[in-house]
Amino acid sequence: MSLSNEKLKDLLWLVGLTNENELNCEQCLALVAEFAECELAGKSISDGLKAVEQHLSVCSECREEYEALQRVLDGIEGDTSKK
Amino acid sequence: MSRNNAAWAAALSPQSAQRNSAVSELRELLLRNLRKALSSYPRADEAFLEDAVQDSLVRILGRLDQFEGRSRFLTWATTIAIRIAMTELRRKRWQDVSLDEVVASPSSQQHAAGPDEQVERNAIIEKMREVIATQLTEKQRTVLTAEMKGMAQVEIARHLGSNRNAVYKLNHDARKKLKQGLEAAGYDADSIQAVFAR
Ligand SMILES: [Zn+2]
């Protein structure tokens, strides 16, 4: 074990955000498109999607992917309506 | 160039007469989106992006039945392409690094806190060290340490002969044990927040 105090402080932040039940990365992936569109549209986030928000707060890899998705979302034109 | 979800589903189905043109269109759209998504990643050059899009198409076409129409089709497809491309970038970044070395290497100290902050933080941080040393399993300790040092989940999983979901579970279980251990020592959510409130 060789985490510095700084890293342990980062970890403490994550511990504070930890829930008893969390989505894993695959479950997050299945829902993150819907979450991102809701966020972009400024819609309120349903309870189901709050779990995505929580996962993104504790998982740096999914958060990095989400940030990459946000960079493209404004530009998606090929597919403009939902139905 | 503008299809809605039902039109994508119909055009990409194996029976569709327009399948080839729909796949080509999807390939172009995914390539454009990945370029934008990964524009700040120097290793994601054009050849890398084309390979990632090809792998993504295979995955997406094999998972069409999992698309539930809760977002735009292209947004959903793009999340899969980003997952595939980023996982590959992370794999390449960490593939020559040994898990044991990452876990054992000292991590650098950067920030120096003020004296008051330091005293209180030291107590809670020492408690964390104790919980990590005494209450986590060896695997939980390894995953938590490697992830806090930035190692990619996909490479941690490979070294452990496991997968990303299992690595996530080890990390999650480790965080839960830390939370319980801190609570048992009198550090509840409020006192954790107080550490960051200064
Ligand atoms: Zn994740």
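B:Arg83 counts as buried, at 9% relative accessibility. Here buried means under 20% relative accessible area, exposed means over 50%, and partly exposed lies in between (1.4 Å probe, protein chains only). The model is predicted, so local features need pLDDT of at least 70 and side-chain atom pairs count only at pLDDT 80 or more, while totals for chains, interfaces and linings use all residues. Residues are numbered from 1 along each chain as its sequence is written, chains are lettered from A and ligands numbered from 1 in the order in which they are written, and side-chain values use heavy atoms, with hydrogens and water left out.

A salt bridge is a side-chain nitrogen of Lys or Arg within 4 Å of a carboxyl oxygen of Asp or Glu. Helices (H or I, at least four residues) and strands (E, at least two) are DSSP runs, numbered from the N terminus. A:Glu65 also meets B:Arg164 in a salt bridge, at 3.4 Å from N to O.

A further pair crosses between the chains. A:Glu20 and B:Lys176 form a salt bridge through their side chains (3.7 Å, N to O). A:Glu20 belongs to the loop between helix H1 (5-17) and helix H2 (25-41) of chain A, and B:Lys176 to helix H9 of chain B. A:Glu20 is exposed, with 52% relative accessible area. B:Lys176, by contrast, is buried at 17%.

Within chain B, B:Arg35 pairs with B:Glu46 in a salt bridge, and their closest N and O atoms are 2.7 Å apart. B:Arg35 lies in helix H2 and B:Glu46 in helix H3 (residues 46-62), so the pair ties together parts 11 residues apart in sequence. Both ends count as partly exposed: B:Arg35 has 38% relative accessibility, and B:Glu46 has 34%. Elsewhere, salt bridges with shared partners link A:Glu61, A:Glu64, A:Glu65, B:Arg83, B:Arg90 and B:Arg164 into one network. Over all chains, the structure holds 20 salt bridges.

Nine salt bridges span the interface of chain B and chain A. Polar contacts there number 22 residue pairs, both residues being at pLDDT 80 or more. The elements of chain B that give two or more residues to this side include helix H1 (5-12), helix H5 (99-104) and helix H10 (189-196). H4(B) gives the most, with 11 residues. The side of chain B that touches chain A divides into 28 nonpolar, 22 polar and 17 charged residues. Ala, Val, Leu, Ile, Met, Phe, Trp, Tyr, Cys and Pro count as nonpolar, Asp, Glu, Lys and Arg as charged, and the others, Gly among them, as polar. A polar contact is a pair of N or O atoms within 3.5 Å; within protein, one must be able to donate a hydrogen and the other to accept it, and residues adjacent in sequence count only if both atoms are side-chain atoms.

The contact takes 67 residues from chain B and 52 from chain A. Contact means heavy atoms within 4.5 Å. Together the two chains bury about 5700 Å², 56% of it on carbon and sulfur atoms. In chain B, B:Arg72, B:Met148 and B:Tyr168 lose the most area to chain A, together 12% of what that side buries. Buried area is the accessible area (1.4 Å probe) that two parts lose on being put together, summed over both.

Chain A itself has four helices and zero strands. Buried residues make up 55% of its 83 residues. Of its contacts with a separation of 6 or more, 59% join residues 24 or more positions apart.

In chain B, nine of the 11 residues of H7(B) are buried, so H7(B) is largely enclosed by the rest of the structure. One of its residues is B:Gln140, which is buried at 6% relative accessible area. A polar atom of the B:Gln140 side chain lies 3.0 Å from the backbone nitrogen of B:Thr137. Leaving aside neighbours within four places in sequence, B:Gln140 is in contact with B:Gln135, B:Leu170, B:Asp173, B:Ala174 and B:Lys177. B:Gly150 follows H7(B), with a positive phi near 95°.
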